[in-house]
Each structure stands twice: as structure tokens, then as C-alpha cells.
There are 2 protein chains.
Amino acid sequence: MTEYLDHPTAEDIALPAVLTALGDETRLAIIAILARNGEKAMTCGQFLQLGSKTAISYHVAKLREAGIIHVRRDGTRRLLTLRRDDLEHRFPGFLDSVVTSAVAMQTPEVLDYPAAPETARGM
Amino acid sequence: MTEYLDHPTAEDIALPAVLTALGDETRLAIIAILARNGEKAMTCGQFLQLGSKTAISYHVAKLREAGIIHVRRDGTRRLLTLRRDDLEHRFPGFLDSVVTSAVAMQTPEVLDYPAAPETARGM
DNA sequence: CTAAATGTTCAATGAACGTTGAACTAACGC
DNA sequence: GCGTTAGTTCAACGTTCATTGAACATTTAG
């Protein structure tokens, strides 16, 4: 029984929701790290430096519901990716400017996230 | 006794605060209208289509405290301007992208704000 | 001086936010 | 099957948010 996580369609991504979702230090750090990681997906576990398991789960859900990241299952893990193309389509130039400033905001320690475990199948 | 309103310096403008301040429909409408008005200052009264006097006062204070707008006295009125240069300096490309999307979001009625009364002295 | 115009402040309200720890679920490894 | 890994859900808590109406403050106009 494959369960699907709710993601807004590209057209349903709303600017106030996106701005609200990004208006939090933890969530800005998450997208800064995701962006620095290129196109590669990351797991929730790689963000535990930023907060408890529960807190990360909460923030990841907020980012997903706002349409900023995509989350898919990979075994017991979740693989997170930035919805770069969808965001660029809806709000041209927005994500790049936020990511640039958000990355500049972070301390080196924050950007130095732990590697993912070796179990990835989706890659 | 000239009273000064608190504005963060350019360097003290913080990205999470800016994003939080813009994550509200009313405040996005205010900056969309301000941006469409060019460099000209506008008064709080010109935004009463967006909410009560109290509500506008509240939202304007939020935008000011976040460093998004500058507010100065002009008689009994307040003159509002976007802090374009300061924002561009801190977060290059950010304001433009938000303004573009925020303007596109508005209905024509919202963008068709009332003219300011003829009392302006500061210009 | 008085009255009008323009905003601000205050207290109250209900909703949403972010964090916590405990309990739970789902999938993998052996 | 059994335990481990990875993450979610839930209830509880205190905080901040957005709105309202009433009262107040300040400056201009006459």
C-alpha cells in the first residue's frame, strides 16, 4: 500500500505560504543545505544537527506543504529535494536570491552536514 | 520634540524577519502597491481598502521593524517608502522577484488605490 | 481655541506557531 | 520472527500572530 505525501501542484504554490515557510531559521538552514548539495536528495537524518527528530519532521512537513521541497519514500527514509523548477516557474529569480542569502547566513558547521547512510536505492 | 520611529540599519536587516514580514497577504499587497507607485511615498490612509485603520497600522509597523519600508512623519500623516537600495544591498535580487510575483497576485481593484490628499509637504 | 484628520496604543480574543517527550508505524537486516 | 533504523503522530505547553473596538495622541485647518 503505497502512501503518497501531499504536495501542492506547481500552479498551487502560493507566495504567502512560501514566504511564511521560509521565515524560520531552521527551515532556511534546511534549504540552504539542500541547495548546496546540488541535485542530490538528502534524508531527514542529515539535518539532525538542526534540531530533534520531531522538530525536523515538523519543519520538513511545512516546507513540503508550502511546495518548496519534494519528499519521497526510500525504504524507512525520506528523500528530500528542492522543487527548483516549479519555484522558478512560479516565482522567477526568487529561490536563487533566497538561497544565496540563506547560504551566506549559515555558519560553516551548519553547512557541514553528515553524510547519508549507504542504503539509498532511489539514489 | 521630534520622535523617531525605529528602523533597523541596512546591516541589521535579517532574512528570516523579512520573509516572515512578507508572509502575509495584506503586507504583500502593501509592498506590491508601494512598488507600483514608483519612488513616490504613500500614506497609511491609501491602504484602507486592505483593512481597518488599526490593522494597517499594525502591518505597517511589522514592515518597518523588519526593515522593508521606511516611515516618516508628514504632519498628521506617515509617508511610507520601500527600502529598495538597502534590501538590494543585503539580498540581491530578492525584492524584485517578490515584488514581481506579489504584483501579479493582486486583483486590479487592489492595485487601484485611492490618491493621497493634497497636504503633503515632504513631497 | 476648537474641531477635524491621521494614526497609534491598549486589552481582549481565537488561531497558528515551534518545541518537547512518549508512543507509534513502516521497512529493512539478519 | 525480532530487533533496528528512520521518521511520524499526538497531546501538551507557552509564544506569537492578526483582528477588533475603544480610547488616546498629534498636527493641521479655520
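**Entry 1: the sheet in chain B**

I began with a pair of strands: β2(B) and β3 (residues 77-82) of chain B run antiparallel and are joined by six bridges. I keep in mind that this is a predicted model. I then picked out one bridge, and found that B:I69 has B:L82 in β3(B) as its partner.

Next I looked at the whole sheet. It is open, has three strands in the order β1-β3-β2 (chain B), and pairs in the antiparallel sense. Which strands stand at the edges? I found β1 (42-43) and β2 (69-74) of chain B there, each with a single partner strand, so one side of each has no neighbour in the sheet.

**Entry 2: helices on the sheet**

I saw that helix α2 (residues 25-36) of chain B packs on this sheet and touches β1, β2 and β3 of chain B. Its direction makes about 80° with that of β3(B). I also followed helix α3 (residues 53-66) of chain B, which lies across β2 and β3 of chain B and runs at about 120° to β2(B).

**Entry 3: around DNA strand D**

How many residues surround DNA strand D? I noted 22, and the closest are A:K53, A:S57, A:T76, B:Y58 and B:H59.

I asked which element gives the largest share of the surface near DNA strand D. My pick is α3(B), with four residues. By type, I list three nonpolar, eleven polar and eight charged residues on that surface.

**Entry 4: phosphate contacts**

I checked some distances to phosphate oxygens of DNA strand D. A side-chain N or O atom of B:Y58 is 2.8 Å from one. A polar backbone atom of A:C44 is 3.2 Å from a phosphate oxygen, and a backbone N or O atom of A:R78 lies 3.4 Å from one.

Key
Residues are numbered from 1 along each chain as its sequence is written. Chains are lettered from A and ligands numbered from 1 in the order in which they are written. This is a predicted model: local features need pLDDT of at least 70, side-chain atom pairs count only at pLDDT 80 or more; totals for chains, interfaces and linings use all residues. Side-chain values use heavy atoms; hydrogens and water are left out. Two strands pair if DSSP finds at least two bridges between them. Helices (H or I, at least four residues) and strands (E, at least two) are DSSP runs, numbered from the N terminus. Contact means heavy atoms within 4.5 Å. Axes are lines fitted to C-alpha atoms, for helices over the stretch in contact, and angles run from 0 to 180 degrees between N-to-C directions. A residue is near a molecule or strand if one of its heavy atoms lies within 4 Å of it. A polar contact is a pair of N or O atoms within 3.5 Å; within protein, one must be able to donate a hydrogen and the other to accept it, and residues adjacent in sequence count only if both atoms are side-chain atoms. Ala, Val, Leu, Ile, Met, Phe, Trp, Tyr, Cys and Pro count as nonpolar, Asp, Glu, Lys and Arg as charged, and the others, Gly among them, as polar.
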